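Me: I would like to go through this model by asking what stands behind each term used for it. Please set each value against its cut-off before you conclude.

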Amino acid sequence: MDLIIIAKVDSTTLTRKPTMKWLKGKWLDLGSKAGKHMQFKETYDRNTKIYTYEMKIIKAVAGDSGGYRCEVTAKDKCDSCTFEIEIQAAQQEAQADIFSAFKRADAGEDDGDLDFSALLKAAKKKKVKEEPPIDVWELLKSAHPSEYEKIAFDHGITDLRGMLKRLKKMKVVEPKHSEAFLKRLESCYSVEKGKKIVLRCEVMDPDVQVKWLKNGQEIKPSAKYVMEAVGNVRTLTLNRTTLADDAAYECVVGEDKCFTEVFVKEPPVTITKLMDDYHVVVGERVEFEIEVSEEGAHVMWFFEDVELQKDSTNHRIKKDGKKHTLIIQEATLADIGMYHAWTNGGHTKGELEVEEKQLEVLQDIADLTVKATDQALFKCEVSDDKVTGKWFKDGVEVLPSERIKMTHIGRFHRLLIEDVKPEDAGDYTFVPDGYALSISAKLNFLEIKVDYVPRQDPPKIHLDTTGNMVSQNTIIVVAGNKLRLDVEITGEPAPTVVWSKGDKVISETEGRVRVEARKDLSCFVIEGAEREDEGNYTICVTNPAGEDKAMLFVKIVDVPDPPENVRCLSVGEDCATMMWDPPVFDGGAPLKGYLMERKKKGSSRWTKLNFDVYESNSYEAKRMIEGVMYEMRVFAINSIGMSQPSLTSKPFMPIAPTSEPIRLTVHDVTDSTCTLKWLAPEKIGAGGMDGYVIEYCKEGDTEWVVANQELCERQGYVVRGLPVGEKINFRVKAVNIAGQSPPAVLSQPVTIREIMEYPKIRLPRELRTKYIRRVGEKINLTIPFQGKPRPVAIWYKDGEPIDPKMVNVRNSNVDSILFIREAERAHSGTYELVLQIENMEDRASIVLRIVDKPGPPMKLRVTDVWGFNAALEWAPPKDDGNCDITGYTIQKADMKTKEWFTVYDHNRRTNCTASDLVMGNEYMFRAFSENLCGLSEEACLSKNTAVIAKTDLEHKRSPYKEKEITCVPKFTQPLVDRSVVAGYSTAISCAVKGFPKPKIVWMKNKMIIGEDPKYLMRNYQGVLTLNIRKPGTFDGGKYSCMAVNELGKDEVECKVDVRIATDPEKK
């Protein structure tokens, strides 16, 4: 049965569309498995802003059991949920052959693919051990890998990989220690299609040769497969992986081998060209076309929620490289709906609208009256040039013959009868195929009887007022058609006929416009009528008995010129209002209306907007996508036909104005200004945001005044020039390319009057104490304050107004800035800021001290010398650098080398004693004073020197006693029991002391570890560490460390427990 998993994501707080991934286990991305067995669907509800994601497993099998996870990400946000799927077989299938679980659903290469690792996990979880046929399992166990495919073919096993994975798990009960491999291949590898992957293992013997197998077949070196051997390392590199590289691989060393599997993940296929909408009539061909990012990608087509198969009578699916096309040969009303195209990395949809055919008669059949042996031509025009039909005479179908011919050219259907006979008279009808419509006309046979009289008859013109004549003297001809006017002439003797247009006589008997003479007839012919042929034509007949004249007006009608100046007047969220000018020439016939078409910019597919003739020259196009550029064209229609399309309109984009700004508030009011603040609209849309318009009006007025001449881009504005004391209403509109939004209006008017506020200085915390800066530094003090109206700020230094040449001051509405470009000692003092509003004021003081390095100490002298010591005294410096002296630095130099060495630094007193002087040397001294800025630049030299006199000295050596340092080894820090996770490296450590340096021996379960590369032993200053690389369950046990030297030994031990990692998602 089918299984559907649904996940819903709330995107109300997201700025962009989230990305959903369906995973099986820890890492298997199911997006690459999309096909007949597994399908993914995504929908979005604009009202609730909720995305719905569906994963559908068609005809679920036991291999679909296991742990799943859906992961949704959007920018820096991420969320996931896990779930378990357990597929249970039906009771009647409990005894089915175990191999049926490994057989594919059909013969397709990618169809019916199963996840056998999950199948085995589910079987292990249920504790149900299935007993396969003993003979086949035994064959596989004992067979060489090269024989696997033959055994699978003989026993009907189509998924050999699944069998081998199962067999592998049955064989591997306990991991065996390998004598050939230091490090085996990883259990599995994952790589994206087209990328490179390296399989790596380490062997014991660096000179041994290895073989690489793929699905049991030996791999030969090539550009695809690169095999390398560097020391103990053996690598197999697979370049430009394909789905064919998804297989089992082996590395063989003699009789030993190690296995791994490579999983090739197919990258998601995106849709680069989206599907267009179609609006057609019944019977038309429809082609939904998309382009994808990869050639040969798998694309699924859906009609509504039903998948469309390749082989069907009413549609066809075509692939051409990256181009995929769904073709509906003849659209029907049942095909109306939404069509979807899905890939494993994208989705697009297009809507198909189908309307019934409506056939319109553009030119009706005219009644004819003809004479014997003449020609009769019935002609009609319909709106569809593909429509066929039949001719009937008095209800009986007319069949073609040598004398009767029927033609169908474009929209015109003709019935031509040569050599008309009396039996041809009757009612003729044309019936279009497939329509309940008929067009009829009557054929009258005219018999001519001539009475010969001996007397002369004056000439007479007999005009046939039927046929093309709309009135007695007007003939209408469609441009491009042929006009043949047969005028009957009577009179004895035979009259002379003259045709003329205006004052110009028409005498040509050949050419496009010509006159043909027959017995008792004068034929006027115009081949391929043109607009210039329109006008008044005169026929004049004369004979000796008199003359006769007739005036005819020939009117040429044609399809109209195309409409002009197609333009977009306004747009909405999903609509646009279009307007155009009527055509300059209406074709000589009144316009019936217009047909409109639109398309997306860059597309070549035009979509009809109306099937019925639209009479107005403005139209509101709907059902468009916001933010997409469209173009439009218009056709004009009259009784003759449809014009050529107009020039394409300029591209336009359906966009809607934003919603109104929110939280409009008054931030500040003065006697002539009002400061407003607001937040951006909640809904902006594809049109973006250009700025804001601020308007105001007096209370009681209806005329709003625009406050800003240019759009305000910030979310705040100061409206200036307002009358004092008036109550003013304010409103703000957001503006984008679609126009202005609804206004955000204050709930009540604002009185324009400044509120008196007591002046208050907000002195920063760091300025409330003494502010100290060094000479040369830049000083920039910002003192914020408040008060209304704007306070007057005045600065004083030591009670006197500040000198603007020494100190710069800049005042604003909310703060005052004191700026000194380069501080000097003279800038020190007490600065006071006085803030005044009328008779109110506030004061704040700042003590500024500019400090510099001090001068050197005064009067340095040696006051006394005794032994190896000298007493020094000095006086404080005259210049303390405008801050307290923090200490002194005293240096000495002997008179021989005159190299200076520091005796004291940071000495706070004005005296000191220099000790450890060398006997027989003469010393001079110097002193530096020190304050906050550092040492003085100059030093004060001592006025006298200190001479250390030589005396007779006797050195008495104390007896030396060697210390016993030998020690028995003893552990000062023992080993501690550890519990570690399999596969994660760990370390155990202890500390030992002893002399001579003891020899360290590590043991596991009382067995010496030796030079096993799995273990790394370190000894750093008595701290002993044993690193265990990626331990397995067999690495658990008791570990001990023994320290031995010639005096004895000591030993410590601990227990290491290795546990298998558990998946928290399955708990």
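Reply: Gladly, and we can begin with strand 1 and strand 5 (residues 50–57), which pair in the antiparallel sense over 8 bridges; please keep in mind that this is a predicted model.

Me: What makes strand 1 and strand 4 edge strands?

Reply: The open sheet consists of 3 strands in the order 1-5-4, with antiparallel pairing. Strand 1 (3–10) and strand 4 (38–45) each have a single partner strand, so one side of each has no neighbour in the sheet. From one strand to the next, the twist averages 15°.

Me: Why is strand 85 described as largely enclosed?

Reply: A residue is buried when its relative accessible area is under 20%; in strand 85 (residues 1037–1045), 7 of the 9 residues are buried, so the strand is largely enclosed by the rest of the structure.

Me: Which strands pair with strand 85?

Reply: Strand 81 (residues 999–1004) runs antiparallel to strand 85 and is joined to it by 6 bridges, with Met1003 opposite Ser1040. Strand 86 (residues 1048–1059) also pairs with strand 85 in the antiparallel sense, over 9 bridges, and a hairpin joins strand 85 to strand 86 through 2 residues. Asn1045 has Gly1048 in strand 86 as its bridge partner.

Me: What makes the contact between Asp424 and Arg403 a salt bridge?

Reply: The side-chain nitrogen must lie within 4 Å of a carboxyl oxygen, and the N to O distance between Asp424 and Arg403 is 2.5 Å, so the contact qualifies as a salt bridge. The two residues are 21 residues apart, with Asp424 in the loop between strand 32 (412–417) and strand 33 (426–432), and Arg403 in the loop between strand 30 (396–397) and strand 31 (404–409).

Me: Is Asp424 buried or exposed?

Reply: Its relative accessibility is 5%, which is to be set against the limit of under 20% for a buried residue, and Asp424 therefore counts as buried.

Note on methods. Residues are numbered from 1 along each chain as its sequence is written. This is a predicted model: local features need pLDDT of at least 70, side-chain atom pairs count only at pLDDT 80 or more; totals for chains, interfaces and linings use all residues. Side-chain values use heavy atoms; hydrogens and water are left out. Buried means under 20% relative accessible area, exposed over 50%, partly exposed in between (1.4 Å probe, protein chains only). Helices (H or I, at least four residues) and strands (E, at least two) are DSSP runs, numbered from the N terminus. Two strands pair if DSSP finds at least two bridges between them. Axes are lines fitted to C-alpha atoms, for helices over the stretch in contact, and angles run from 0 to 180 degrees between N-to-C directions.
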